Amino acid sequence: MMHSTSSLIRCVPTRLLLIVAVFVWAASTALADTKGKLTGTVVTKTNEPVIGAHVVLVGTSMGGATDIEGTYFILNIPPGVYEVRVGSVGFGAQLFREVRISAGQTTTLKVVLVEEAVQMGEVVVTAEKPIVDVRQTSSVTILGKDQIGVLPVQELNDIINLQAGVVDGHFRGGRTGEVQYQVDGVSVNNPYDNSSSVRLDRSVIEEVQVISGTFDAEYGQAMSGVVNAVLKSGSEDAIEWSAEIYGGDFVTPDNASRYPRNANVRPNAIQNYQLSVSGPTVLEELSYGLLTDTPST
């Protein structure tokens, strides 16, 4: 009896460590899709690798260097559009603009550096998105904040309904409860009917991914589609703000029979006011974001 009891006591810490490890792994997996990755190679005009070339995201503290094969990678990049500067000793620096980094996606950028004998200005190259991504195996639509800003919508649900294959929350003819909704990689489905339990205004959204078919096994409780919304993060070097005001009223010519209460037009019957502010703080690598919203009346 004493031997069995001591064996049981020795097993308890091991089980506790196993449980803690599982929780830590689950937490890291839930946040895995909120960041992106930039990778590629830096070579010369003769396709020789450039060792020790520095690759920097302009305006951030993120960057990397190439290895002996000229390969580099930068992990945990917040979604957005960046400028990428690449340079090395003995070569002219190059600046790539409008490089989009998407959550859960890997962006590849190959750089060809030109040798220089004298000091030269940097070469500016505008990055072009490939027409077809041969590595993509699922039907994914990715919308950045610039594209969302020009859409005639106000909320996340309106953005989703404008995508191909989606009609009033139904993905490819499926039921509304068969869609997985995520915000920053965390599920926000209502346990009662599996619908989305949050409403997001477009002013707080950095990127929206709508997956309508052949999604990976990492998305649980999804049969028809997956919606992954990534929220904006404050800038580390500048204060950004935006404001929006709209109003109006419903008007119909059939005021006598079916809509007698719409006979009078009131321009201020519907009102909405929004203000968002974000920027750096006194602490390094810490920013803030603030949104005030007065709902429609």
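Glutamate 83 is partly exposed, with a relative accessible area of 30%, where partly exposed covers the range between buried, under 20% relative accessible area, and exposed, over 50%, taken with a 1.4 Å probe and protein chains only. Its partner is arginine 97, and the two form a salt bridge whose closest N and O atoms are 3.8 Å apart; the term stands for a side-chain nitrogen of Lys or Arg within 4 Å of a carboxyl oxygen of Asp or Glu. Glutamate 83 belongs to strand β5, residues 80-87, and arginine 97 to strand β6, residues 94-101, so the pair ties together parts that are 14 residues apart in sequence. Strands, at least two residues of E, and helices, at least four residues of H or I, are DSSP runs numbered from the N terminus. Arginine 97 is also partly exposed, at a relative accessible area of 39%.

Residues are numbered from 1 along each chain as its sequence is written, and side-chain values use heavy atoms, with hydrogens and water left out.

How many salt bridges does a search of the whole structure find? The search finds three, and another of them joins arginine 100 to glutamate 207, with the closest N and O atoms 3.4 Å apart. Arginine 100 lies in strand β6 and glutamate 207 in strand β15, residues 205-213, so this pair ties together parts that are 107 residues apart in sequence. Arginine 100 is partly exposed at 26% relative accessibility, whereas glutamate 207 is buried, with a relative accessible area of 0%.

In the remaining salt bridge, arginine 199 meets glutamate 155 at 2.2 Å, N to O. Arginine 199 sits in the loop between β14 and β15, and glutamate 155 in the loop between α2 and α3, so the pair ties together parts that are 44 residues apart in sequence. Arginine 199 counts as exposed at 64% relative accessibility, and glutamate 155 as partly exposed at 22%.

Let me turn to the sheet. Five strands form an open sheet with mixed pairing, in the order β3-β2-β5-β6-β9, and two strands are said to pair if DSSP finds at least two bridges between them. At the edges stand β3 and β9, each with a single partner strand, so one side of each is left without a neighbour in the sheet.

What about the interior? The largest nonpolar core has 20 residues, and among those touching the most other members are Leu38, Val84 and Leu109; such a core is a set of buried Ala, Val, Leu, Ile, Met, Phe, Trp, Tyr and Cys residues joined through side-chain atoms within 4.5 Å. Strands β1, β2, β4, β5 and β6 each give two or more residues to this core. A second, separate core of 18 residues includes Val166, Val188, Leu200 and Ile205.

Finally, a word on confidence: pLDDT, the predictor's confidence in each residue from 0 to 100, averages 79 for the protein, and 78% of the residues score at least 70. Over residues 1-12 pLDDT stays under 50. Where pLDDT is low, the predicted coordinates should not be read in detail.

Technical notes
This is a predicted model: local features need pLDDT of at least 70, side-chain atom pairs count only at pLDDT 80 or more; totals for chains, interfaces and linings use all residues. Contact means heavy atoms within 4.5 Å.
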